[in-house]
Amino acid sequence: MGMTLARRASLLLLAALLYPTGSVASSGPLLAQDQSLDSRPARAKYVGDAACLSCHKEQALPYQHTSHHLTSQLADAHSVLGSFRPGSNELMISDPAHATSEPGLYFRMDEKSGSYHETAVAGWQGRTESRTERIDVVTGSGVRGATYLYWDGDRLYELPVSYWTDGHQWINSPGYDNGTARFSRPINPGCLECHATYIKALSPDPLTNRYERDSLITGISCENCHGPGADHIAKQKAGASGEGQAILNPAKFSRDRQVDLCALCHNGIQREAIAPVFSYVPGEPLTKYFKPLPIDTLEHPDVHGNQVGLLQRSRCYLSSKMTCSTCHDVHAPERPAAAYSDRCLTCHLWESCAVAKTMGHKIANDCIDCHMPVEPTNVIVSETGSKVVRAKMRNHWIKVYRDARMPETGTPSRRDSD
């Protein structure tokens, strides 16, 4: 007996929900011929973090616990966040038991023999379809949360459900359409350049998501900033010292080149690459690899849009030799925000702050919340069911903010002309 029109329509709707089309294959413009796969830098002289550890334990050991180093990891019991226990392993978008014209949808996260999976279940009560994919790669250090990726052959895709640390909750992966179960969002090389040390793409297309799987080196490694280490190790074994050690030391770069090194990943995502991914060489101008971002003339730019650009607007930056490392020690985990006040007080007297007249010396304990407030971003947003989850990040435009208030007192700060 033939399938009813209603049944056929239901199956087509479920298929569209679980297996949407239009994003599997990449179709972006190819790079110029001289930027083809054959011209990408060889990785033969990259030796890995373990080779640095024997001589540089003071820097290398704490670095293993930094957000940079942990910004991507292979999925295991330590890297995968969120509860996989029944009762707290589901994300309900719309209950299939109450679905009418539109199918219901929920996600379930399961652990099976040491591997982790996401399953989408869509449909109506008694008529559901499901799709399951394994979590293979974790992106995000876990400070704010984690997003999960999976392999389909040599193609890498983002999974539809992420974990958000604030509230310890499962959410739709940021940027996903609410109410869909999309498993076909490709991970292109530009995404991985800031979340991994290296992966070999199988196409020069900047929008490809086909890779040599075994080439993936997770996290940001020592050699991302110091360059390949093989020649350095060979020279050290041969007794070399002083100059000519065949390694890059960012502390010796000019200020602009030091900032460029951070700006590779901290100057926003709306930019156009003019060189292959993973080809950036620390110490070289970033403009050799990306077209410069247009000057943001907004009075209050998005906090995630360009952290380096925001810093460069600051009077502190313009009137000094300040760099990112003035405050941040890249080899050590981040300190609590208030602790960075000691950096402010190397140049500023706490007594000169207008709020000091009412708060006294304790104002020196937290310059940061007034002058670098945490703000929501419009870039990392998740719409999950009836909830909107928006990432919050610290504004790196250092100045006085009209709406900033000192913790404990709620005393508003005054705004200056910065």
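To start, among contacts in the protein chain between residues at least 6 apart in sequence, what percentage join residues at least 24 apart? After that, please take me through helix 7.

A: Happy to! The model is predicted, so local features need pLDDT of at least 70 and side-chain atom pairs count only at pLDDT 80 or more, while totals for chains, interfaces and linings use all residues. Residues are numbered from 1 along each chain as its sequence is written, and side-chain values use heavy atoms, with hydrogens and water left out.

For your opening question, the figure is 57%, where a contact means heavy atoms within 4.5 Å. The protein chain has 12 helices and 15 strands; these are DSSP runs numbered from the N terminus, with helices being H or I of at least four residues and strands E of at least two. Of its 418 residues, 39% are buried, meaning under 20% relative accessible area with a 1.4 Å probe, protein chains only.

Now to helix 7. This helix covers residues 255–266, 12 residues in total, and reaches 16 Å from its first C-alpha to its last, close to the 16 Å expected; the expected span is 1.5 Å times one less than the number of residues. Its buried residues are Gln-258, Val-259, Asp-260, Leu-261, Ala-263 and Leu-264. They pack against helix 4 (189–193) and helix 5 (222–226), and also against helix 8 (307–313) and helix 9 (315–318). After helix 7 comes Gly-268, with a positive phi near 100 degrees.

Terms used
Buried < 20%, exposed > 50% of the residue type's maximum accessible area, 1.4 Å probe, protein only.
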